[in-house]
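Hello,

Here is the structure for you to take over.

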Amino acid sequence: MAQLELWLPSGLLDVDERRRARILLGFCALVLLAVAITLPLNVLIGAHRAVAFSPLLALAALVVPLLVRRQQTMAAGLVLNVCVFVIVEYIAATRGGLDSTTLGWSPVCVVVGTLTLSTRGAKLMAVLWAVSHFAHAWRVDPAHWDALRLGPPFAYALPRALGCLVTLGLVSVFETARRKATAALWQEQDHIRRQRDEIAAVNDLLAVRNGELRLVLDSIEQGLLVLNERGVVLPEHSAALEAWFGPVVQGETFLQLLQRSDRRAAESFECAWMMIEDGFMPLEVVLGQMPARARCGEKSLGLRYSPLQSAEQGLRIMVVITDLTPSIEQARVTARERETLALFGHFMKDRRAFHSFLDETQKLVTRATAAVPEGDLRLTLHTLKGNAAVFGLEGLSALADDLEEELLVGGNLSPDAREELSRAWGLVCSRAQSWLQEASGRIEVRQRDIDALERAISAGASPEKLKRLISEWGLQDAAVRLERLRSRAMRVAQRLGKENLRVELRGEEVRLETNEFEEFWATFTHVVNNAVDHGQEPREQRLARGKDPIWTLRLEVRETPTEVCVCAWDDGSGIDWERLRSKATARGIAIPKEDPPTELLFEAGLSSRDAASEISGRGVGMAAVKEAVAALGGYVQVESEGGRYTQIACHLPRPKLGAFTHRTHHA
């Protein structure tokens, strides 16, 4: 067949004509093969007419391919069918005429004509073959015709002629069905070809779009990737992803990428992904539990997840990864500058108090990084947190809160955590070192101190009294401490969104030994924190109780001949003693017989709150206050009435005191 295709002209596009041309070439090849085989045999047996006729048949068979090459398929078909007709008629005439078996090939010749000619040509050839039977019947020699066996010649020719016509009909039906099927097939092929062309055009367009998308993905600084239902990273992802995590292997999951750099984030992602596979919880809820941060070398990356397709459609989740390192570093620089300004402000406001803060905080850090019992460590960290917050060291305060949480969960601090605390405090000290060197050996003297000295000199005071006045310049004014506590209360209220408050300061001008009371002032911030966090009521609740809509906190220092009393009073909701009792019972703590059970307020780890915050709620602050007061030989007195007020007064043995003048500050 491949050889026959070479003879077909390229311009022959009609399907039926190409088919007829193939059949014509096939019959010609068969005729030439038959001539090549029968010619030597006819020579040997002495069939001279067949030998003479064979070259003519071969010549006619050779004419057909030439006509096909010239796209004359109809002419080629006529030549072939005429040759077949002549051969069969000649052989039949020489071998018995109508009674010859050669005429039995006429239905086959009708089939050949139907396959090689057009519909009209096939009908003409079929009629010609039918008529040829009657022509042979006309020429019958009655002397040699066996009428008894065969019947009349025309009656004998009729069924043969009808056989040619019936054959034409049957083959025509087949050909008609074939042409329709071929036409439908070619139509379908044309449709498929058009679809293929359209698909190719779409693929070309997609290739262009993919190229453009790749340019976009390669140019953006974020990591963009899409995960399928198995958590596998799909091929289309941004170049930043591989720049951070390395080459992404085909079929690799996002979990495996995270395991390269941050195992903790990988474990969190694995747990969340298992919940996605279980399908027990809503997808949005599970995505909210996935890790939002991950470490990659020195970089800190932010992770954000968005569902693109639901599980029913074939789960697709887009992950957007952002390098947060510059913003985090900038936030650190900003926070460090803010803390530096806050430190410098405290230094300029009260250098003596600033020195005391550094000394006390150094003791706390040293104690926190040493091997101390867990209870003492909790008190130390809680005091350190409040002490740092008073001086605006929010970073150090937050670190102490994190370490307190770690201690609460694990029961101890890791060496890395202790080292981190020591390093953070070292940075604070290094920032203040230059100021301390310039201020070393100096004493701050206020104008009222100078005025008091001038009045004493004018009044002729004794040298001993003048010496005492000057020596008091080295002591610390308690009012400065109260001012600092007032600032702390305002900051806590602002952070908690409870800015509907008023802070009153009432203090006699009491001077205290700096080193003697340093630890007490550091712990007294817990009293202020608890008052703002626990005691302040909503404005609507205060109005319903007939109170002033503005919550009031009063901080006061009072002096008696034998002691100094530092007091915090507020007109808030009071202490919920019953709740404190129930929490103590739940923890197996013995309930004191006194009513109210004030000792429960100082029980380490006991709080009326269900959840702790950065400000309060761990049950550690008041225990630290009591311990600091007891270390000075004093005691704490608590008074509270539900819905009305709370007062916590710390009674301390009297230190060296100077003259005093009553004054009140409002904020």
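Below are notes on the pocket, a helix packing, the cavities and the aromatic pairs.

First, the ground rules. This is a predicted model, so local features need pLDDT of at least 70, side-chain atom pairs count only at pLDDT 80 or more, and totals for chains, interfaces and linings use all residues. Numbering starts from 1 along each chain as its sequence is written, and side-chain values use heavy atoms, without hydrogens and water.

**Pocket**

The largest pocket has a volume of about 980 Å³. A pocket here is an open set of points on a 1 Å grid over the protein atoms alone, with protein on both sides within 12 Å along at least five of seven lines. Its volume is the space filled by probe spheres set on the points, which are joined across faces, edges and corners. The largest pocket is lined by 30 residues (an atom within 4 Å of a point). Closest to its centre are F53, L57, I87, V88 and I91. Two or more lining residues come from each of α2 (15-45), α3 (48-69), α4 (73-94) and α5 (106-116). Helices are DSSP runs (H or I, at least four residues), numbered from the N terminus. By class, the lining has 23 nonpolar, five polar and two charged residues. Nonpolar means Ala, Val, Leu, Ile, Met, Phe, Trp, Tyr, Cys and Pro; charged means Asp, Glu, Lys and Arg; the others, Gly among them, are polar.

**α2 against α4**

The axes of these two helices come within 10 Å and cross at roughly 35°. Axes are lines fitted to C-alpha atoms over the stretch in contact, with angles from 0 to 180 degrees between N-to-C directions. In the contact (heavy atoms within 4.5 Å), E17, A21, L24 and F27 of α2 meet T73, A76, G77 and L80 of α4. Those residues divide into five nonpolar, two polar and one charged.

**Cavities**

Three cavities of 30 Å³ or more turn up in the whole structure. In a cavity, a 1.4 Å probe fits but cannot get out. The largest cavity holds about 60 Å³ of space. Its lining includes N387, R481, W521 and T525. α15 (374-390), α20 (478-496) and α21 (514-535) each give two or more residues to that lining.

**Aromatic pairs**

The count is six aromatic pairs (ring centres within 6.5 Å; Trp by its six-membered ring). Planes under 30 degrees apart are stacked, over 60 edge-to-face, and the rest tilted. F85 and W129 have ring centres 4.8 Å apart and planes at 70°, so this pair is edge-to-face. F85 is in α4 and W129 in α6 (residues 119-138), so the pair ties together parts 44 residues apart in sequence.

Best wishes
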